[in-house]
Amino acid sequence: MKRRVFIQSIGLVAISFPVWSSTWKTPEQAEGPFYPLSKIPLRQSLILRPDQVVGSPLMLTGEVRDVQGNPVSDARIEFWQCDGQGIYDHPLQSDYEHFDPAFSGSGAVITDEKGRYGIQVLYPVPYPGRPPHIHAKLWKGNQHILTTQLYLRGNTGSHWASRERENLQIDPVKTKEGLEAAFVFVV
């Protein structure tokens, strides 16, 4: 009798969990001092002039999902990062006047009905005191749902290494189209 109850309870447990689930949300990270001062425009690429930009283009794709695995459609994802020289397009940044004019520094995309997004950014570079990273801020309507940073796999900086940052890594790969990476935001 005990064996049958145990086997039945295993079946109920298996039924109660969806095929895709996540027990963790994408970790929050600081916005940082260089969040753009003006509204971040919708654009498919942060690179304005590919033939003149300093740095390597990187196609970043992925999805936004809730913890139950459901796609989050119509989410706005803002991305911002320093240029290929390690300079942000922000007046508080030293050497601001040398920011790469072939690079926009920021842009936003809207997820499709399946929660998918895609945007061309730059392969992130370090600057003094920080490992390479890309900032991201997610909105659903007027509600802010996440601010975080994405790091290169294995390059979160020795003093930045933490379990949290392990869950924020992208792993760019070279394809015939160029560099590509993917990240799933869980909100």
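Q: Are Phe99 and Phe103 buried or exposed?
A: This is a predicted model, numbered from 1 along each chain as its sequence is written, in which local features need pLDDT of at least 70, side-chain atom pairs count only at pLDDT 80 or more, and totals for chains, interfaces and linings use all residues. Side-chain values use heavy atoms, with hydrogens and water left out. Buried means under 20% relative accessible area, exposed over 50% and partly exposed in between, with a 1.4 Å probe and protein chains only. By that scale, Phe99 and Phe103 are both buried.

Q: In what order do the elements of the chain run from the N terminus on?
A: Helices (H or I, at least four residues) and strands (E, at least two) are DSSP runs, numbered from the N terminus. The chain has 2 helices and 9 strands. Read from the N terminus, the elements run α-β-β-β-β-β-β-α-β-β-β.

Q: What percentage of the residues in the chain is buried?
A: Strand 5 gives a local view, with 6 of its 8 residues buried, so to speak "mostly covered". Over the 187 residues in the chain, the buried part is 42%.

Q: Which residue is the bridge partner of Trp80 in strand 5?
A: Strand 2 and strand 5 (residues 133-140) pair in the antiparallel sense over 6 bridges. Within strand 5, Leu138 stands opposite Ile77. The bridge partner of Trp80 there is His135.

Q: Which residue in strand 6 stands opposite Leu138?
A: Strand 5 and strand 6 (residues 143-152) run antiparallel and are joined by 8 bridges. Their hairpin has 2 residues between the strands, and Gly141 takes a positive phi near 65° in it. The strand 6 residue opposite Leu138 is Leu146.

Q: How many residues apart in sequence are the parts that the pair of Phe79 and Tyr117 ties together?
A: Rings of Phe, Tyr and Trp (its six-membered ring) pair if their centres lie within 6.5 Å; planes under 30 degrees apart count as stacked, over 60 as edge-to-face and the rest as tilted. That rule gives 7 aromatic pairs, and the pair of Phe79 and Tyr117 is tilted because the ring centres are 5.9 Å apart with the planes at 35°. Phe79 belongs to strand 2 and Tyr117 to strand 4 (residues 116-122), so the parts tied together are apart in sequence by 38 residues.

Q: Which residues form one aromatic cluster with Phe79 and Tyr117?
A: Phe79 and Tyr117 are both buried. Phe99 and Phe103 also form a tilted aromatic pair, at 6.1 Å centre to centre and 40° between the planes. The cluster with Phe79 and Tyr117 takes in Phe183 and Phe185.

Q: How far from the centre of the ring of Tyr35 is the charged end of Lys137?
A: A charge sits over a ring if NZ of Lys or CZ of Arg is within 6 Å of the ring centre and within 35 degrees of the ring normal. The charged end of Lys137 sits over the ring of Tyr35, and its distance from the centre is 4.4 Å.

Q: Which residues are the closest to the centre of the largest pocket?
A: On a 1 Å grid over the protein atoms alone, a pocket is an open set of points where a 1.4 Å probe fits, with protein on both sides within 12 Å along at least five of seven lines, and lining residues have an atom within 4 Å of a point. The largest pocket has a volume of about 160 Å³, a volume being the space filled by probe spheres set on grid points that are joined across faces, edges and corners. Of the 17 residues that line the largest pocket, the closest to its centre are Pro36, Leu37, Asp89, Ser104 and Ser106.

Q: Where is Asp74 placed?
A: Asp74 has a phi near 55°, positive although the residue is not glycine. Its relative accessibility is 52%, so Asp74 counts as exposed. Its place is the loop between strand 1 (57-65) and strand 2 (75-80).

Key
Pairing = 2+ DSSP bridges.
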